[in-house]
Amino acid sequence: MNSSYYVLRMAALFLKRLTLQTVKFENSCVRCFGKHIVQKTAPAQSFPIASAPRLSLLIHAEAFSTVEDTRNEGKKKKKSQTAFGNVGRKISQRIIHLFDEKGNDMGNMHRADVIRLMDERDLRLVQRNTSTEPAEYQLMTGMQILQERQRLREMKKASPKTGPTVTKELTFSSNIGQHDLDTKTKQIQQWIKKERQVRITIKKGKHVDVSENKMEEMFHQILQTMPGMATFLSRPQAVQGGKALMCVLRPLSKNEEKAYGETQKTQKRDTLNQDQGNDKESNVLHQ
C-alpha cells in the first residue's frame, strides 16, 4: 500500500514538472518567434525610404521627357500651321472635294483621279480645308503656290497679332430685303475692322428663280461698301451642290492699305490735272 502510494506521488510530481517545462518552452518559442518577426519586418519598413531616391529620379526623368515632348509637339504644330505647299501624291483621304486652279468647284473625286489630273495638267495639289467632310483640296500651278506663300508672309509681317485667325460666318437667302442686307453688311464691316475673316454664304431662295451671276453681284455689292478695308480671300463659288454660293472676305494687309492709298492719291492727282487742262482749253476757246 505504501509502495503504491509512493509510486503515484512520484508520477504526479513528474507530470507536474513536465507540465512546467512545457509551458516555459512555449513561452521561449513565442519570444523567439516575436524577435524573428521584428527582424523580418524591420527592413520592409525602411525599404520605401531606401527606394525614395530612385522614385524621385524616375519622376524627374518622366517630367523632363514630358517637357521635351511638349516642346517637340509645339514645334510640329507650328510648322504644320505655317506650311503651305504641294502635298504631292500623299493624299490620306480616299475621296476629297476638289477645286481646280481657277477656283472652280469640281465636286468630290477619288484620289486616283486627282493624281491623274495632276499628271495631265502638270499641276500641284494643296490643302484648303481639312476640317470639312470630305476634306477640301485645290489644284495650283507652281507660280500660284509661290504667290500665295508670298502673300501669307506679307500678311504675317503686317499683322501685329500672333493668335490664330478668327473667321466669322454669315448665311442668308438670295431674296433678302435691302434693309436686312444693309444690316448684315454693317455687321460684316464691324468684323473686318476687328481683323476678322468673314465667310459669307448666300442660299438660293425658295420658289425664286435667281441666277448665279445675280447672287455673285450681291457679294461684290457688299465688298464695294468697304473700299480700302477688305478683299476676297476666296472668290464666290458654288457650294452645296449648286444650291448656294460662298466666298470669304479678309481685311487688307498694311502693305495693301498703303498701296490702295497711293492709288487713290494718284487718281485724284490725275483727275485734278485733267480738270485744270480742260479749264485752260476752255479759256483759250473763249479768247
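Q: How much of Arg-124 is accessible, and into which class does Arg-124 fall: buried, partly exposed or exposed?
A: In this predicted model, Arg-124 has a relative accessible area of 32%. The class of partly exposed lies between under 20% for buried and over 50% for exposed, so Arg-124 is partly exposed at 32%.

Q: With which residue does Arg-124 form a salt bridge?
A: Start with the general idea: side chains of opposite charge can pair when their charged atoms come close. Here the partner of Arg-124 is Asp-122, and their closest N and O atoms are 3.8 Å apart. Asp-122 has a relative accessible area of 56%, so Asp-122 counts as exposed.

Q: How many salt bridges are there by this rule?
A: The count is seven. Among them is the pair of Glu-148 and Arg-151, with closest N and O atoms 2.5 Å apart. Another pair is Glu-256 with Arg-250, where that distance is 2.8 Å.

Q: Where do Glu-148 and Arg-151 lie?
A: Both are in helix H3, three residues apart, which is about one turn of the helix. Arg-151 is buried, with a relative accessible area of 18%.

Q: Are Glu-256 and Arg-250 buried or exposed, or something in between?
A: Glu-256 is partly exposed at 26% relative accessibility. Arg-250 is buried, because its relative accessibility is 4% and the cut-off for buried is under 20%.

Q: In which sense do S1 and S4 pair?
A: Strand S1 (residues 95-99) and strand S4 (residues 136-140) pair in the parallel sense, over three bridges.

Q: Is His-97 buried or exposed?
A: His-97 counts as buried, at 16% relative accessibility.

Q: What does His-97 touch, not counting residues up to four places away in sequence?
A: His-97 touches Asp-105, Gly-107, Asn-108, Pro-134, Ala-135, Glu-136 and Tyr-137. With Asp-105 there is also a polar contact of 2.8 Å that joins the two side chains.

Q: How do S7 and S8 pair?
A: Strand S7 (residues 230-239) and strand S8 (residues 244-251) pair in the antiparallel sense over seven bridges. Ser-234 stands opposite Val-248 in S8. S7 and S8 form a hairpin with four residues between them, and Gln-240 in the turn has a positive phi of about 55 degrees.

Q: Now for the whole protein: how many helices and strands does the protein have?
A: The protein has six helices and eight strands. Along the sequence they follow the pattern α-β-β-α-β-β-α-β-α-β-α-β-β-α.

Q: What share of the residues is buried, and what share of the contacts joins residues 24 or more positions apart?
A: Buried residues make up 23% of the 287 residues. Of the contacts with a separation of 6 or more, 58% are between residues 24 or more positions apart.

Q: What does the accessible surface of the protein come to?
A: The accessible surface comes to about 21600 Å², and 54% of that belongs to carbon and sulfur atoms.

Notes. Residues numbered from 1 in each chain as written. Predicted model: local features only at pLDDT ≥ 70, side-chain atom pairs only at ≥ 80, totals over all residues. Heavy atoms only, no water. Pairing = 2+ DSSP bridges. Helix = DSSP H or I, 4+ residues; strand = E, 2+ residues; numbered from the N terminus. Buried < 20%, exposed > 50% of the residue type's maximum accessible area, 1.4 Å probe, protein only. Polar contact = N/O pair within 3.5 Å; in protein donor to acceptor, adjacent residues only side chain to side chain. Contact = heavy atoms within 4.5 Å. Salt bridge = Lys/Arg side-chain N within 4 Å of Asp/Glu carboxyl O. Areas by Shrake-Rupley, 256 points an atom, 1.4 Å probe, with all protein chains shown as cover.
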